[in-house]
Amino acid sequence: MASTVEVTDTAAKKLRTYNWIMGGLHAVQGVVILLLATSFALPVTASFLEGPPGTTPAAPSTLFSISVAWGVAAFLFLSAFFHWVIAGVGNHRYIDQLRRGQNQFRWIEYSLSSSIMIVLIALLTGISNVAALIALFGVNAGMIMMGAVQERYEKPGGSLWPFWLGCILGIVPWLAIALYLITPGSDTNPPGFVYGIFFSLFIFFNIFALVQFLQYKQIGRWKNYLAGENFYILLSLLAKSALAWQVFAGTLAG
């Protein structure tokens with residue numbers, strides 16, 4: 001169902017160079033974060049039953065703690081890895097997919113890296129339950145993979161049903177995080193930088209969705225699939241950098 005996209009040799013070479021550079025920028029930031037960050041970590045908790053269903057669960061206990069610095073570095077290094085794969089050993093397949101109006105590498109990477117980002121944002125707002133974090137990771141990854149379904153099975157100008165299904169899935173983590181930002185029944189509010197992270201990353205995530213919508217509606221410059229590809233690459237760097245350095249300034253600066 002994919003469309004045919006013209007990818008000239010010149011455009012392919014530029015994209016290859018662009019991906020090498022963007023991979024480097026992600027990797028360098030990850031290394032710098034690890035070198036400069038403190039050992040700040042956030043707990044992942046669980047509260048298990050101590051009797052039959054309906055009895056009061058035990059007090060939450062810490063299963064393990066997640067190093068925030070390594071969490072940030074993880075999504076930066078993942079992005080760097082995928083950029084370098086499509087610029088290196090996977091370049092032929094990457095260009096072939098672009099010619100079919102697809103980039104499955106993108107959706108696989110985003111499903112992992114953006115889901116790690118969501119988990120970190122959730123942890124910063126106080127969502128620590130292990131089941132909740134697993135669910136938030138999974139629903140966000142499912143939202144991202146709807147983008148892959150859209151590209152694989154729907155032509156530009158055609159149905160947007162996978163896109164809208166992805167939007168429904170995608171709003172779930174933000175509703176859960178927003179609830180913890182509002183903190184109903186509590187007099188304690190998250191620090192200001194957490195609000196900054198929430199609103200800035202919410203905007204970035206929705207810009208990704210807007211780009212795909214414009215691509216499939218064939219509006220303006222977005223008729224050209226490669227225009228969207230270039231913008232996705234830049235937007236990914238901006239979103240990950242924004243989260244990385246806001247987290248660093250708020251929790252990791254020594």
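**Exercise 1. How α2 packs on α4**

How close do the axes of α2 and α4 come, and at roughly what angle do they cross?

*Solution.* First, know the model. It is predicted, so local features need pLDDT of at least 70 and side-chain atom pairs count only at pLDDT 80 or more, while totals for chains, interfaces and linings use all residues. Residues are numbered from 1 along each chain as its sequence is written, and side-chain values use heavy atoms, with hydrogens and water left out.

Step 1. The two axes come within 9 Å and cross at roughly 175°. Axes are lines fitted to C-alpha atoms, for helices over the stretch in contact, with angles from 0 to 180 degrees between N-to-C directions. Helices (H or I, at least four residues) and strands (E, at least two) are DSSP runs, numbered from the N terminus.

Step 2. The crossing makes α2 roughly antiparallel to α4; that label applies to angles over 145 degrees.

Step 3. Find the residues. From α2, the contact (heavy atoms within 4.5 Å) includes Val72, Phe75, Leu78 and Phe82. From α4, it includes Phe105, Ile108, Leu112 and Ile116.

Step 4. Sort them. The contact of α2 with α4 has 13 nonpolar residues, 3 polar and 1 charged. Here Ala, Val, Leu, Ile, Met, Phe, Trp, Tyr, Cys and Pro count as nonpolar, Asp, Glu, Lys and Arg as charged, and the others, Gly among them, as polar.

**Exercise 2. Helix α6**

*Solution.* Step 1. Helix α6 covers residues 161-182, 22 residues in total. At 1.5 Å a residue it should span 32 Å, and its end C-alpha atoms are 32 Å apart, which agrees. The expected span is 1.5 Å times one less than the number of residues.

Step 1. Buried residues (under 20% relative accessible area; exposed is over 50%, partly exposed in between; 1.4 Å probe, protein chains only) of α6 include Phe163, Gly170, Trp174 and Ile177. Their cover includes α4, α5 and α7.

Step 2. The axes of α6 and α7 come within 12 Å and cross at roughly 175°. That makes α6 roughly antiparallel to α7. Among the contact residues are Trp174 and Leu181 of α6, and Phe198 and Phe205 of α7. The contact of α6 with α7 divides into 15 nonpolar residues, 1 polar and no charged.

Step 3. Look past the helix end. Just after α6, Thr183 takes a positive phi of about 45°.

**Exercise 3. The cores**

*Solution.* Step 1. A nonpolar core is a set of buried Ala, Val, Leu, Ile, Met, Phe, Trp, Tyr and Cys residues joined through side-chain atoms within 4.5 Å. The largest has 47 residues, and those with the most contacts inside it include Val72, Leu201 and Val247.

Step 1. Elements giving two or more residues to this core include β1, α2, α6 and α8. The most come from α4, with 10 residues.

Step 2. Setting aside neighbours within four places in sequence, Val247 contacts Val68, Val72, Leu124, Ile197 and Leu252.

Step 3. A second, separate core of 16 residues includes Val7 and Leu237.

**Exercise 4. Two glutamines**

Is Gln97 buried or exposed? Where is Gln218 found?

*Solution.* Step 1. Gln97 lies in helix α3. Gln97 is buried, with a relative accessible area of 4%.

Step 1. Gln218 is in the loop between α7 and α8. Gln218 is partly exposed, at 29% relative accessible area. Gln218 has a positive phi of about 55° although it is not a glycine.

Conventions:
Angles under 35 degrees count as roughly parallel, over 145 as roughly antiparallel, 65 to 115 as roughly perpendicular and the rest as oblique.
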